[in-house]
Amino acid sequence: MSDANYTASVVGGSGFTGGELLRLLAGHPEFEVAQATSRSKENKTVGHAHPNLRDLDLRFSSPEDLESVDVLFAATPHGVSMEQIDAFQDAADTVVDLSADFRLDTEDQYDEWYDGHTRPELLEESVYALPEVTRDELPGADLIASGGCNATATILGLKPLVEDGILSGDEQVVVDVKVGSSEGGAGGGEASSHPERSGVVRPYAPTGHRHEAEIEQFLGLDVSFTVHAVDMIRGASATCHVFPGEPVSKGDLWGAYRGEYDEEPFVELVAGGGGVYRYPEPKAVAGTNRAEVGFELDPGNKRLVVFSAIDNMMKGSAGQAVHAANVALGIEETAGLEFGGLHPVGAP
């Protein structure tokens, strides 16, 4: 007999992010995984798609036959959740969507950044899943939207500067993000295949990346944003070049970042200390829900460089979703997310 207090399902459970959700929920003290769906792997065991979960006694079922659960996690491609949201909400009291379908506030934003929205009336009630930004809005939320991984890394890096008044919104901010191949999903296509991806530092979104919309929405910053695909599997590393309007000292920065993150269970400051890993590094947080954030001053150029690193499938997706569900349901925030990572470890 399970001691879990909540039942959960994962729609789209055969993808990379679906597998991470199943891994987290299977080890979570408060959740019992009742269902995992997959169109492509219906009736196959979860271990068939995720060999690390071979001991999970569960088979993929059809997404057309949703069981009634407390929480439904939707790890579906963009555009699916907005079309299926009525079925999702009929099946569960709380829906956590990991696509982009409910991240933004207005229909106009979806017209500008995506391909429009078919259920814009739900955008006002959805809550962004990043607790460091929306913790006060999450308790009791019944529609939760997990943030984009590149946006998550950038927002966590820059948020203390906005909150402390070091950035007003008028300054130039240039953001360069390096991401692993898992961001393309299990069906990432030719560009994500190993022979094409191995050894590259490939710009794939030099301008106009959709995650800019989230950064602008939550920080009020207009950033110049570029994303590169690099030779790693997990991880997103953001380097933000900031040109403050007024002089800023290291003491100012430590005050801003400690003030913002000292009480956060999943954000660590890594700013130029000793050892090999002197600045935030995706390899150091692989498999965890932790984010590393750091900074360095360049007084000669009146520039501040901010670094942040996350595991794109954890803090940037599945881990963030579970963290948000914990807060929404009044569960201990860190429950099911305590894994501290491994060192040494291979390419993340």
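Predicted model: local features only at pLDDT ≥ 70, side-chain atom pairs only at ≥ 80, totals over all residues.
Q: Which residues of H3 are buried, then?
A: The buried residues in H3 are Ser81, Met82, Ile85, Phe88 and Ala91.

Q: Why would residues some places apart point the same way in a helix?
A: An α-helix has 3.6 residues a turn, so residues three or four places apart point the same way.

Q: And how far apart are the end C-alpha atoms of H3?
A: They are 16 Å apart, which agrees with the 16 Å that the 12 residues of helix H3 (residues 80–91) should span at 1.5 Å a residue.

Q: Switching to the open sheet, what's the strand order?
A: The order of its seven strands is E9-E10-E8-E11-E14-E13-E12, and the pairing is mixed. Strand E9 (201–205) and strand E12 (267–269) stand at the edges with a single partner strand each, so one side of each has no neighbour in the sheet. From one strand to the next, the twist averages 25°.

Q: Do E11 and E14 pair in the parallel or the antiparallel sense?
A: Strand E11 (residues 236–242) and strand E14 (residues 303–310) pair in the antiparallel sense, over seven bridges. As one example, the bridge partner of Thr239 is Phe307 in E14.

Q: New topic: how many aromatic pairs does the structure hold?
A: It holds seven aromatic pairs. In one of them, Phe31 and Phe73, the ring centres are 6.2 Å apart and the planes are at 75°, so the pair is edge-to-face. This pair links distant parts of the chain, since Phe31 lies in strand E2 (residues 31–37) and Phe73 in strand E4, 42 residues apart.

Q: Is Phe31 buried or exposed, and what about Phe73?
A: Phe31 is buried, with a relative accessible area of 4%, and Phe73 is also buried, with a relative accessible area of 0%.

Q: What about the rings of Tyr110 and Tyr114?
A: Their centres are 5.5 Å apart and their planes are at 35°, so that pair is tilted. Tyr110 counts as buried at 1% relative accessibility, and Tyr114 counts as buried at 13%.

Q: Last one: which residues do ring pairs link into a cluster?
A: Ring pairs link Tyr6, Phe31 and Phe73 into a cluster.

Note on methods
Residues numbered from 1 in each chain as written. Heavy atoms only, no water. Helix = DSSP H or I, 4+ residues; strand = E, 2+ residues; numbered from the N terminus. Expected span 1.5 Å × (residues − 1). Buried < 20%, exposed > 50% of the residue type's maximum accessible area, 1.4 Å probe, protein only. Pairing = 2+ DSSP bridges. Axes fitted to C-alpha atoms, helices over the stretch in contact; angles between N-to-C directions. Phe/Tyr/Trp six-rings, centres within 6.5 Å; stacked < 30°, edge-to-face > 60°.
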